[in-house]
Amino acid sequence: MSGAMRTVRVILPYHLRTLAQVGAEVEVEIGEPVTVRRVLDSLEGRYPMLRGTIRDHVTQERRPFLRFFACEQDLSHDTTDAPLPDAVATGEEPLLIIGAIAGG
Amino acid sequence: MSTVRVLVGTRKGAFILTSDGKRKDWQVSGPLFTGWEIYHLKGSPADPNRLYASQSSGWFGQQIQRSEDGGANWAPVGNRFTYEGVPGTHQWYDGTAHPWEFKRVWHLEPSLGDPDLVYAGVEDAALFKSSDGGATWEELAGLRGHDTGPQWQPGAGGMCLHTIILDPSNAERMYIAISAAGAFRTDNGGKSWKPINKGLVSNFIPNPTAEVGHCVHHVAMHRERPGVLFMQKHWDVMRSDDAGESWQEVSGNLPTDFGFVIDVHAHEPETLYVVPIKSDSEHFPPEGKLRVYRSRTGGNEWEALTKGLPQKDCYVNVLRDAMAVDSLDACGVYFGTTGGQVYASADAGDNWTPIVRDLPAVLSVEVQTLT
């Protein structure tokens, strides 16, 4: 059962901004608890073209060259059901989806 | 007056080049999908303003884009490519079993008659079909499920299904090719498949004449001669006159029979084009001379076409899907290089000119002749 609705700020990497035709930062409305899974569910619901670009269609695993950062922490290896930091849940800080620096 | 539209896929986006039928002055639009790899774009023969593009990235995966207006506007459609059932394994480079994993779409082949029907050849090798304009995709799993599937292995570029040829005289028949498994044919609309590799000889596999394991680089067919196929293999240029049941080598007097592209003249079914590449270890033209070779005899006898092409210090490659022809008279021939040039000939190969020369590395070239 979801709690109060929260506005979460998400910063997308350049290629996903152009794909979804949005600016650097988007906002999603989700119920508590605020988790990576809920953020991505909401993000993909609003921008269906992002399905499969951040996590696998079937396994829902994070794509290997992407990372999740927030509040100067690397959250990539946390479970996607772990509550995000309060500062993200309150909209004070964004969740950053980062493409690994891997050339190209 | 006719218009020619050249669809160019590159490592960092797509470009569309247009000209009138004189094919002298070209307008370049793009880049589209900037920064993404565009392995292939192709228009529907039934509705030439319906275009499909394969957009992919090692970071963000696969997208399929569709345009309804000849490439001015695009929208992403379905990108869910899921193997049917338990994917199983194929051979890895070291001979061990490796699970099938979807990586990207190499080639999109729209139906000859239905703009909403399109096929996708993917890595790891499989064939997918969409009947709703790319919104949803289903695997034609009879191909990957062939008894030989566990023996298929990747070539240097990955285990890709890169060639899809639809038979205009028989809606149930199509041909595909996989690096490095070989060529296959279906006669029942994709339900079941038959390896068609008899006559191929590949010295990099334990049995050089095995049923599968051949690194076929590309196959071409003239639409008025659907049983006649031409193949550029890893080494050797081959032809089949019996729908792939048997192959004969037609490399003849080529300076090297390694290469990637092969295509057929639009109006002369026995006129072929290849771009010989030095070797599998040195992917550039022999002697630093970029030469297209043309055969007017269906192979074996080849002439070098050099006018307008660099004849010294040229070390680009021409990849497997990067040659196409238009259907004007005289036939126009086009190819793109890893150095970012797209060369065109408006006289069947006698004279060439770069119609754009500083793009990212070219992965594919397709041509639409619009009247």
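In strand S3 of chain B, the bridge partner of B:Thr18 is B:Gln27. Strands here are DSSP runs of E of at least two residues, helices are DSSP runs of H or I of at least four residues, and both are numbered from the N terminus. The model is predicted, so that local features need pLDDT of at least 70 and side-chain atom pairs count only at pLDDT 80 or more, whereas totals for chains, interfaces and linings use all residues. Residues are numbered from 1 along each chain as its sequence is written, and chains are lettered from A and ligands numbered from 1 in the order in which they are written.

Strand S2 (residues 13-20) of chain B is joined to S3(B) by 4 bridges, and the two run antiparallel. Two strands are said to pair if DSSP finds at least two bridges between them. An open sheet of 4 strands in chain B has the order S3-S2-S1-S30, with antiparallel pairing. Its edge strands, each pairing on one side only, are strand S3 (27-32) and strand S30 (362-370) of chain B. On average, neighbouring strands of this sheet are turned by 15° against each other, direction ignored; the axes are lines fitted to C-alpha atoms, for helices over the stretch in contact, and angles run from 0 to 180 degrees between N-to-C directions.

Another open sheet of 4 strands in chain B has the order S4-S5-S6-S7, again with antiparallel pairing. Strand S4 (37-43) and strand S7 (75-76) of chain B are the edge strands and pair on one side only. Within the sheet, strand S5 (residues 51-57) of chain B is joined to S6(B) by 7 bridges, the two running antiparallel. B:Ser56 stands opposite B:Gln62 in S6(B).

Strand S6 (residues 61-67) of chain B also holds B:Gln65. B:Gln65 is buried because 24 other C-beta atoms lie within 10 Å; a residue counts as buried with 20 or more other C-beta atoms within 10 Å of its own, exposed with 12 or fewer, and partly exposed in between, the C-beta atoms being placed from the backbone. Apart from neighbours within four places in sequence, B:Gln65 is in contact with B:Phe33, B:Ala53, B:Gln55, B:Trp74, B:Ala75 and B:Pro76. Contact requires C-beta atoms, placed from the backbone, to lie within 7 Å. The C-alpha atoms of B:Gln65 and B:Leu51, 14 residues apart along the chain, are separated by 8.2 Å.

Chain B as a whole has 0 helices and 30 strands. Its radius of gyration, taken over C-alpha atoms, is 19 Å, close to the 21 Å that the globule rule (2.2 Å times the number of residues to the power 0.38) gives for 371 residues, so chain B is as compact as a globular protein of that length. Buried residues make up 54% of the 371 residues in chain B.

Chain A has 3 helices and 5 strands, which follow the pattern β-α-β-α-β-β-α-β along the sequence. The C-alpha trace of chain A spans about 40 × 25 × 25 Å along its principal axes. Buried residues account for 29% of the 104 residues in chain A.

The contact between the chains takes 13 residues from chain A and 14 residues from chain B. On the side of chain A that touches chain B, the largest share, 4 residues, comes from helix H1 (residues 14-20) of chain A.

Definitions and conventions: Two residues are in contact if their C-beta atoms, placed from the backbone, lie within 7 Å.
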